[in-house]
Structures are given as structure tokens and as C-alpha cells.
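Good morning, everyone, and thank you for making time for this. Please have a look at the structure on the screen before I start to talk it through.

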Amino acid sequence: MREGSLPHAMLRPMSGDQIEHESLVVSLNDEEALAAYKQPFDAYPVSLLPRIIGGFLIACGNLFYGRRPSYMKFRAIEVIARVPYHSWSSAIFTFLTLFYSNEDRALRLSTLSHFTRFAADNETMHVVVISGLARAHERAGLLRHTIIPMLFAFFYFWTSYVLYLLNPRWSLEINYLFEQHAFDHYSLFLEICGDDLKARPIHSSYLAWYGRDVRSHYEFFRSVRNDEIIHRNRSVHEIELHCSRGRAAF
Ligand SMILES: [Fe+2]
Ligand SMILES: [Fe+2]
């Protein structure tokens, strides 16, 4: 759906950050550019506790929704994937309440807060559009596709929140693992269903409102795949920026 299909009052102006993000997303459609962007962070050493919690979340996802990618599995992934960004915003709000008078700390927290709000909007776009696509292509059960993802999201929200207060690195590292998992799943989906996805046009008012210009399911899922690797790399970037001095950095 193009901009022309939405009333002018419902179009939102794109921020400089979003224009930059959308341009990066398009550039990652090139496989060589994608490999060059991804490779430097592929071997990031994740700590033990995040590996245990991230592994648990991914194993539960595979148990309930299978190992193979599907619209409904993506819907569950996206319901859960947007949670840490909201959780970090809440934790940052808590920290800012405690440290109003420390300008350096407030500045660090506010820059991360900027990223979390932007990424949360991006993940919300994923879950809204994928929910619509899933409804049209697969049958959804209330327990398996609504209640269970919400329970996971509840668990993940508080895990991210508490870990962020204890040690932000741990919380960001779980996100690194989850975003890598999402990226791998979207990549596999494009590989095995690419021809079908290219033949399916996409129509979404939410996408038009958001400012994502895609014409087919293939182009949409490729853009989501690129979003996820950007989120993964950005998680490491935030760790390097804010956690280099350990817990005291926040
Ligand atoms: Fe996502
Ligand atoms: Fe993501």
C-alpha cells in the first residue's frame, strides 16, 4: 500500500533517525553488504546467565511453535521480541528517577532510551503487520497463539527489567541472542518460501503509516530480517558504549 491510500492526516512525518534506519534496511538487501554488516558481531561472547535464559526462551518457542518458520511462529516471536525495549524504557525511567542530579548518568540513560523507543516502534510495526498476515494464512488458536505468547512476554518483560537493574549487559545480551534467533528464522523463511512470498502482494495501512515501502510478502519479510540484525548489532553497540566500565556505567 502506498502513501496515497491513507488520508493525509494519518501520515506521520519520518524522523531523521527513521530515514537513516530505512536507508540502512534497504542497503542490507544486498547480500554482500549484509554479510559485511553482520560479521563483526557474529562472535560476540555472551555471558553464561543470558545464554541460559535466552536458550530457555528459544527452546520454549521451538517446543510450542516448531522449529520451522511459519507466520504464526513469527507472530509469537514478535509479540515477545518487542518486550525488552519497553522493559528497558521502564527501567531507565526508574534509574532516571533515582539519578536526576547526575547529568552524565542521565545523558547515558537518555541516549539508550532514544534507541529503545525507536526499536519498540519498529517491533510494534512487525507484530501488527505479521498478525494481519498470519490471520489470513494460518488458523490461530487462543491458547497457543495469544495466551502463551502473552505469558512469555510477561516473563520476558520482568526478566529484562530486573536484569537491567542488576547488570544492563546481561539484559542486552539476551536481546542479542533473541534478535539473532529472529534473524536466522526470517533468513530461513526467505530461503525456503522465497518464490511463494514474492507472488504475494502486501496491503497494510499500518505499513503505509509507518513509512515502510514494500510490495510483496518477500520484500516485507526481508526488511524485517534486516531490522532484526540491526537490533542485534545495536545491542552490542549499546553494551560497548554503556557497559565498558561494568555495572557502574549506568
Ligand atoms: Fe521484530
Ligand atoms: Fe528486533
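This is a predicted model: local features need pLDDT of at least 70, side-chain atom pairs count only at pLDDT 80 or more; totals for chains, interfaces and linings use all residues.

The protein has 10 helices and zero strands, where helices (H or I, at least four residues) and strands (E, at least two) are DSSP runs, numbered from the N terminus. Residues are numbered from 1 along each chain as its sequence is written, and chains are lettered from A and ligands numbered from 1 in the order in which they are written.

Let me turn to helix 5 (residues 83-98) and helix 6 (residues 103-137), which pack at an angle of about 155° with their axes 8 Å apart; axes here are lines fitted to C-alpha atoms, for helices over the stretch in contact, and angles run from 0 to 180 degrees between N-to-C directions. The two helices are therefore roughly antiparallel to each other, as angles over 145 degrees count as roughly antiparallel, under 35 as roughly parallel, 65 to 115 as roughly perpendicular and the rest as oblique.

How do helix 7 and helix 8 compare with that scheme? The axes of helix 7 (residues 142-166) and helix 8 (residues 168-198) come within 5 Å and cross at roughly 140°, which makes helix 7 oblique to helix 8. Ser160, Leu163 and Tyr164 of helix 7 make the contact with Pro168, Trp170, Ser171 and Ile174 of helix 8, two residues being in contact if their C-beta atoms, placed from the backbone, lie within 7 Å.

Finally, Tyr206 lies in helix 9 (residues 205-210) and, with 15 C-beta neighbours inside 10 Å, counts as partly exposed. Leaving aside neighbours within four places in sequence, Tyr206 is in contact with Met125, Val128 and Val129. Tyr206 and His126 are 80 residues apart in sequence, and their C-alpha atoms are 9.8 Å apart in space.

Terms used. A residue is buried if 20 or more other C-beta atoms lie within 10 Å of its own, exposed if 12 or fewer, and partly exposed in between; C-beta atoms are placed from the backbone.
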